[in-house]
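My entries follow the order in which I checked them.

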Amino acid sequence: MVGWEFPPFHTGGLGVHSQEISREIARLGHTVVFLTPFALPYDGAPGVTFRSPDDDTPVPPGYPSTYRIEEGARTGFLTVIERYNHWVGQLRLAGVNVVHVHDWFGTEGARDLAHRLNVPLVMTIHSTELDRSLGHPYTAIYDREKLGFEAATRIIAVSRHLADQVAQVYRADRRKIRVVYNAVRPPDEGPIVRREGGVVLFLGRLTAMKGPDTFLRAAARIAPQFPDVRFAIAGEGPEYAHLVRLSVQLGIGDRVLFFGKISDEERSAILRDAAVFVLPSVVEPFGIVALEAMAAGVPTIVSKTSGVAEVIRSTFQVDFWDVDEFASRMAELLEYAPLREEMSEHAQREATQEGWPDRARQTVEVYREAIREYREGR
Amino acid sequence: MKLALYLHMHQPWRLARFRYLDLGSGKPYFDIPRNLDIFRGIAERCYRPTLDRLIELLDRYPDFRFSLSLTGTFLEQAEMAAPDVLDRVRTAVKSERVALVAETYYHSLAFLLPPPELEEEVRLHLRKLREVFGVLPKVMRMTELVYSDAIAHFAGQLGFQGVLAEGWEGALGNRSPNYLYESRTRGVRVLLRNYRLSDDIAFRFSNRGWNEYPLTAEKYAHWLSQTPGDVVGLFMDFETFGEHQPASTGILDFLSALPPEIAKAPHFHWATVEEAVQGPVAGGVSVEEPMSWADERRDLGAWLGNDMQRSAFEAARKAGSLVRLGKDDAVWTDWRRLLTSDHFYYMYVEGQESDADVHRYFSSYTSPYDAYANYMNALNDLRRRAVRDLSPPT
């Protein structure tokens, strides 16, 4: 597996997916060699081994901020990418049946490796550069995505929405795209009874793509009617200062809590404690965090275009631009207890119905298809 | 043996999206143009062609008879969207071989509300039927064919001769639905739906996975001839013909082919529900808990099965007390339109998957949560209006 980030050193769905899918594929009896540019103490699992370039690759500034290349870090960052790809491409490995690359980081090396080992390449796309840049892609990344889509025998997208984009915008061959959704581990504890009032939560990177300003604008619309409710923003990112200013401008400066970067432990506690979770993303290839919230029994409002909206029916789904509708949905969940309870119960069931073991089986099935086709194609 | 074909016509006033932020805005709750669009579509596919067939059958077969119920909200929409549908019903009624059935004007669960709501709604419906068709029904049905001893008692008090009910084993034990029964008090006649034979047409007709597919009029008449009893109640939604089952399935041709097949067997006679409730009674029937014709369990679970549904109905009941104190007709009408059972049906979540599919088919929302939140917003707005009406501005 040609990866990038891996827990506990991760920022998003890519890291979670890499870990869970590696662990479960290994549990099915396969051997997983996980390649990453950085030699770090990862949370591994039996049957999963890590390899990274022998030289001491410098960790790029701001690491593990993989989703946005900060100004000034570009040169260093791309040096890491180039070295990583070169290293992957010439790596000596025996007994490999399939090379599986995640996102754009290692596509070039993965392609060379698969070619040299004479095995098929599978590529999972978690999010695209086009989406992350809101339509203004960084060419070096975009090109590596295209390269991967073309070289892969099978492409796995984490939602149907993403699959459509890969086919339509990146012009990848639709016949080789499969959808394998993300999942969530069932929480250790059952649903907790929430007190009245409570917290409406946003959790994610503070970038325009995640729509945190929509969250604040919606909060401001209903804050006067719900004096006991607080609105919390957990996460960090380039929009932080802007959001603090915005909350003051909207007159809800005293009602919004900014948690900043949170630990995994804090994350699950905050999620479980929320009265309502909101995922107002402009672009959201999947949105594992919404699935986590639902698995914890928190009623959830998501953007219609998010991948998670394809899997879960027991949510409110809203157009990402519709501030009044987000506001109304928040208010309705805060106001009507039977609504909260019914939605919580059913969302929890839906969110945990299919887990990572199912996703691993679906992934292995894609490997089998790829191997069959690769052999026939020669 | 009597064959009582009874078809039910109903359309609810569906709500527009009424957001929490719309409270107090004066925005109307009901999306009139959308409701009328839906009505026109169904009129085109179902009401017109099916009524034309039925009128043709009345002309051609002097023995052919049937019965209809049309809710008040259906009649309102028909008057606005497709008055020619009502002309067709008038033509059928003029034959004097078509009986109309009384019910609550708003297709509501008013039997669960404090009096006099139920009686007022039934009387509203009777008045409307007299205005539109000049007819006074002798048989009553409750919304969704709900039946209980109390409902039969109520029907008796209002002077109805008979009530329609589901021929469900839960109420009959091992007795057959194909006889006429009598209610526990007041001796009101209870005419039962044979749900197997009714659902063969209403649900299974176009099901290619059904081992009796395709169903022909000949085969169906043969089944009827094998059925022992005095009377068979074939009760179903009018929309079975052309809407739930599109014309392309052959359902309309099946309807047209049925009377000639029935005519071949000399012991069969079509009967209106008014004719069918005359005749010897096979015994008494007692139903304490309300029994409906919906879902696998035949209880009220389809409308009041989960906490959202129960809390919404409870909220409607409470709002009713305020509405009754006030004098504003518009508030009163809106409240009653919100009583229509369909609104609660849309909030259904649990249940067997087969039922959930049926619920989704009939729902005008993407989810039961949408349905509930929207309903509660409208109802809370209505409460505000009712209260404003009570306290004059100073």
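I began at the residue after helix α4 of chain B, B:Gly134, whose phi is positive, near 65°. Helices here are DSSP runs of H or I with at least four residues, strands are runs of E with at least two, and both are numbered from the N terminus. I noted that the model is predicted, that local features need pLDDT of at least 70 and side-chain atom pairs count only at pLDDT 80 or more, while totals for chains, interfaces and linings use all residues. Residues are numbered from 1 along each chain as its sequence is written, and chains are lettered from A and ligands numbered from 1 in the order in which they are written.

Which residues of α4(B) are buried (20 or more other C-beta atoms within 10 Å of their own, with C-beta atoms placed from the backbone; exposed means 12 or fewer, partly exposed in between)? I listed B:Glu117, B:Leu118, B:Glu121, B:Val122, B:His125, B:Leu129 and B:Phe133. The face turned away carries the exposed B:Arg127 and B:Glu131.

Finally, I turned to chain A, where six strands form an open parallel sheet in the order β9-β8-β7-β10-β11-β12; strands pair if DSSP finds at least two bridges between them. β9 (256-260) and β12 (316-318) of chain A stand at the edges with a single partner strand each, so one side of each is left without a neighbour in the sheet.
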